[in-house]
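Hi there,

Here is the structure I promised to pass on.

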Amino acid sequence: MGGYILAIDQGTTSTRAIVFDGKQQVAGVSQKEFNQHFPKSGWVEHDPEEIWDTVLFTITQAIEKAGIAASDIAAIGITNQRETVVVWDRESGKPIHNAIVWQDRRTASFCDKLKKQGLEKTFTKKTGLLLDPYFSGTKLNWLLTNVKGAQARAAKGELCFGTVDTFLIWRLTGGKSFATDATNASRTLIYNIVDNRWDDELTDILRIPRAMLPEVKDCAADFGVTDPSLFGAAIPILGVAGDQQAATIGQACFKPGMLKSTYGTGCFALLNTGKDIVRSKNRLLTTIAYRLDGKTTYALEGSIFVAGAAVQWLRDGLKVIKAAPDTGTLAERADPTQEVYLVPAFTGLGAPHWDPDARGAIYGMTRNTGPAEFARAALESVCYQTRDLLDAMHRDWRSNGKDTVLRVDGGMVASDWTMQRLSDLLDAPVDRPVILETTALGVAWLAGSRAGVWPNQEEFAKSWARDRRFEPKMDGATRKGKLKGWRSAVKRTLMAA
């Protein structure tokens, strides 16, 4: 077959389909954005049918651009925005409501109620997660409670729940496969990452019927085959992982202590902790990095809700840039004597603060503050938040921080200015890989290796190649002053909430 692998990368703002050839190079790619729905303040929804349409469109286009037939594809890998919840009718396959997106904060009061009942320790012990609206479980509870008849129908087995990967598998296989992988399951707030199973106590607390839950498989496994009527061939789906775990795999972070950070709509840093479940004392998440051949590898994760979304805000909200790549150029022109801080808590603050009520704020403005200073503040906010995550990881993990090398990926890493500032503020090297499509590459490898047409884990790790290493250039006094200003800005924002 030539080793062609199709990766479906279903993200928060767009869907991409990428065809990789047998040498793990991109042969064809297609991307399509879809609408974001904001019914109320703090609420974020997607139309699952629109997502499905973008998947069909991008797959068809990517195959055409690669100049191959669907029958030339050995396997499909799926990676997806995590925590986003879809519930659909088991018979018709139709969603009963819009998907509730990971950014959505509508269940904040319910999470507070569960905390007051003393239940957060129970959830954290079993899932590695915190009681926050970010995760799937409370979103699913909301749908069952607020969509008429949903609770009773779910109990009868008439409804299916899934994160986006499960919904796509269901649709691609014509409803023949109802499954997810361990990484996506680990983000639902109802999956026991110690025992690797859905947890009865947690599903009972959230009133989630077991009948609506998918089967949980390894990341590289048989997830079914596509309906031949869709693309002209029955293609096996052999790899699935949530986007951040897929990027960890794509960055070949297979050894304990290896660290990657992905800069998309949000920013997510994962530290491989091997077979050890590290319980964070600094409000980081303990999660499943991947599960292969029945063996689970764990990670510490820090989640930042707003990274690239801050650049989108500059473009679409303030309209100070026309395109995302303009941000770095504009930031370079910022007045170095002005210290402007943006705390981008547009949908609350993630790790290590976990404050769903915090809202965005800007500090340090003067009459001379303009678009260039806003651009620099937006990019620096991502760097500062990453520093907060790494500091927390170093306190939890057996590291003095001096041996840290951060592997980065995602749309923002194409900006040399941003990556240099990131290295400066971390006081650590930052490695940008040759292949930036690491999320798609990660699930492509899962599928390709499972199909027997791509190399094993060891050989795949050897193929990882660095495009450029950014070394810190900022002097210590300047770094210390900037970090002090950032921490003050965050403290004020949290107090205001």
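**The annotated site**

Thr13 sits in the loop that connects β1 (4-10) with β2 (14-20); strands here are DSSP runs (E) of at least two residues and helices are runs (H or I) of at least four, numbered from the N terminus. Before going further, please note that this is a predicted model, in which local features need pLDDT of at least 70 and side-chain atom pairs count only at pLDDT 80 or more, while totals for chains, interfaces and linings use all residues. Residues are numbered from 1 along each chain as its sequence is written, and side-chain values use heavy atoms, with hydrogens and water left out.

Setting aside neighbours within four places in sequence, Thr13 is in contact (heavy atoms within 4.5 Å) with Glu33, Phe34, Gln36, Thr265 and Gln312.

Thr265 belongs to the loop between β14 and β15. With a relative accessible area of 15%, Thr265 is buried (buried is under 20%, exposed over 50%, partly exposed in between, using a 1.4 Å probe and protein chains only). Again leaving aside neighbours within four places, Thr265 is in contact with Thr12, Thr13, Trp102, Gln103, Phe305, Val306, Ala307, Gly308 and Ala309.

**The sheet around β14**

How many of the five residues of β14 are buried? Five of the five residues in β14 (259-263) are, so the strand is largely enclosed by the rest of the structure. Leu259, Ser261 and Tyr263 cover one side, and Lys260 and Thr262 the other.

β14 and β15 (267-274) run antiparallel and are joined by five bridges; two strands pair if DSSP finds at least two bridges between them. They form a hairpin with three residues between them. Within this pairing, Lys260 stands opposite Leu270, and Leu259 has Leu271 as its bridge partner. β14 also runs parallel to β20 (406-409), with four bridges, and there Leu259 stands opposite Leu406.

Taken together, seven strands form an open sheet with mixed pairing, in the order β16-β17-β15-β14-β20-β21-β22. β16 (285-292) and β22 (466-470) are at the edges with a single partner strand each, so one side of each is left without a neighbour in the sheet. From one strand to the next, the twist averages 30°. Helix α13 (371-396) packs on the sheet and touches β14, β15, β17 (295-304) and β20; its direction makes about 135° with that of β17. Axes are lines fitted to C-alpha atoms, for helices over the stretch in contact, and angles run from 0 to 180 degrees between N-to-C directions.

**Salt bridges**

The count comes to 35 salt bridges, taking a side-chain nitrogen of Lys or Arg within 4 Å of a carboxyl oxygen of Asp or Glu. Being four residues apart, Asp391 and Arg387 are separated by about one helical turn, and both are buried.

Another joins Arg468 and Asp416 at 3.2 Å, N to O. This pair links distant parts of the chain, with Arg468 in β22 and Asp416 in α14 (416-426), 52 residues apart. Arg468 is partly exposed at 34% relative accessible area, and Asp416 is partly exposed at 35%.

Happy browsing!
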